[in-house]
Amino acid sequence: MPKNILITGGAGFIGSHVVRLFVTKYPEYTIINLDALTYAGNLENLRDIENAPNYRFEKVNILDATALQEVFEKHQVTDVIHLAAESHVDRSILSPLDFVYTNIIGTVNLLNLAKDKWKGNYANHRFHHVSTDEVFGTLGDTGFFTETTPYSPNSPYSASKAGSDHFVRAYGETYGLGYVMTNCSNNYGPNHFPEKLIPLFINNIIHNKPLPVYGKGDNTRDWLYVIDHATAIDTVFHNGKNHEGYNVGGFNEWKNIDLVKLLCKIMDEKLGRTAGSSEKLISYVTDRPGHDLRYAIDANKINKELGWKPSVTFEEGLGKTIDWYLTNEEWLKNVTSGAYQQYYENQYDGR
Ligand code: NAD
Ligand code: DAU
């Protein structure tokens, strides 16, 4: 049976890398990128593959069940890789309902279609739900999140992602829908929208703007290069066991302040600035409410069972990422004009 894979959120940061990987690696598949093109969606991310014969684009909101059904029927969708979401924790604190709509109701709309259209033949179809380690809540100074860690989300974003994960499992248990799930740690890399820590700080360093470190900067995140997340999704989509979840991470923990100082050092070198000049931009600001202290993924299951591991070290990945932003300043300029300015003022002015 030919595969017509619907990738939702394919114009976003991670989605665009997943779409590119599937379009180029699997010319025998038809890849349908479905995206509402919110502030975070950008077709510029896919210019290099937009004319590929096996690539299609549909501008559709996953809240529009009728339009979704039309896409399913028009393209005879055989599988779904679901990435479309509201993804930024700070925005979820400002506007939780947007996250309930897209992340929970949008996911259930997709599940309903998959359930109805693939009925009687679930073994030949797969719903791959892309989720986050934030559903597990926060760790103390030690330990790791495994696939059996209980859910304990702390932000409206993570609560909405936890809700979507539960619905995916429930459709597997109740209706027998075939699914796999991946829960990944913090990604970084090209095309990352500059509201998240790494691209925001790269952009601010370029423009000599303050670097707003929340609290004391002692929160810890586990960073993974985005292309390694895309290969993990490829691996689990094709080889993951039905009805199972896989944690994805790079065993690469960094305290925010240490990461920011490393970023400053590399940026000084690449921009030909005096050593220590970017660090002077660091400004400690009011903490994020409910700020999770530490995330750390135990990625042994995906490594041992499916053979996946990251392809780049953090230093390599960060270097590639900074180089991408320095050679794509036009991309940065385009995404930081207009509505971004308003968001930035609301989020950081007087903080
Ligand atoms: P992103 O915000 O960069 O992109 C989200 C994409 O979804 C955008 O293209 C946007 O236009 C689209 N979208 C949003 N609402 C939509 C709607 N209602 N209908 C259709 N399209 C809509 O997000 P990202 O960082 O690329 O994250 C992608 C997925 O991976 C999300 O599900 C996120 O929860 C998950 N995830 C992200 C990370 C990370 O570090 N960024 C880590 C683990 C998991
Ligand atoms: O863990 C996976 C999650 O990682 C994904 O599910 C989310 O979609 C993604 O946004 C990311 O969430 P975080 O909240 O960890 O990422 P963010 O880049 O917003 O923040 C990283 C850390 O940096 C966090 O401890 C907060 C801090 N921070 C962030 C910003 C934007 C700052 O100190 N200052 C800032 O301005």
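## Basis

The structure is a predicted model, and totals for linings use all residues.

Asn-45 is found in the loop that runs between strand 2 (30-35) and strand 3 (55-59). With a relative accessible area of 3%, Asn-45 counts as buried, because that value falls under the 20% cut-off.

The side chain of Asn-45 has a polar atom that lies 3.0 Å from the backbone oxygen of Ala-11, and the side chain of Asn-45 also makes a polar contact, at 3.0 Å, with the side chain of Asn-191. When neighbours within four places in sequence are left aside, the residues in contact with Asn-45 are Ala-11, Gly-12, Ser-16, Arg-20, Asn-191 and Trp-331.

## The largest cavity

The count comes to 2 cavities of 30 Å³ or more, and the largest cavity has a volume of about 60 Å³. The residues that line the largest cavity are Val-89, Glu-134, Ser-155, Arg-221, Arg-288, Pro-289, Gly-290, His-291, Asp-292 and Tyr-295; by class, this lining has 3 nonpolar, 3 polar and 4 charged residues.

## The second largest cavity

The second largest cavity, with a volume of about 40 Å³, is lined by Phe-136, Glu-147, Tyr-151, Arg-169, Asn-183, Gly-245, Tyr-246 and Asn-247. Strand 10 (residues 244-248) gives the most to the lining of the second largest cavity, contributing 3 residues, and the class make-up of this lining is 3 nonpolar, 3 polar and 2 charged residues.

Technical notes. Residues are numbered from 1 along each chain as its sequence is written. Chains are lettered from A and ligands numbered from 1 in the order in which they are written. This is a predicted model: local features need pLDDT of at least 70, side-chain atom pairs count only at pLDDT 80 or more; totals for chains, interfaces and linings use all residues. Side-chain values use heavy atoms; hydrogens and water are left out. Helices (H or I, at least four residues) and strands (E, at least two) are DSSP runs, numbered from the N terminus. Buried means under 20% relative accessible area, exposed over 50%, partly exposed in between (1.4 Å probe, protein chains only). A polar contact is a pair of N or O atoms within 3.5 Å; within protein, one must be able to donate a hydrogen and the other to accept it, and residues adjacent in sequence count only if both atoms are side-chain atoms. Contact means heavy atoms within 4.5 Å. On a 1 Å grid over the protein atoms alone, a cavity is a set of points where a 1.4 Å probe fits but cannot get out, and a pocket is an open set with protein on both sides within 12 Å along at least five of seven lines; lining residues have an atom within 4 Å of a point. Grid points are joined across faces, edges and corners, and a volume is the space filled by probe spheres set on the points. Ala, Val, Leu, Ile, Met, Phe, Trp, Tyr, Cys and Pro count as nonpolar, Asp, Glu, Lys and Arg as charged, and the others, Gly among them, as polar.
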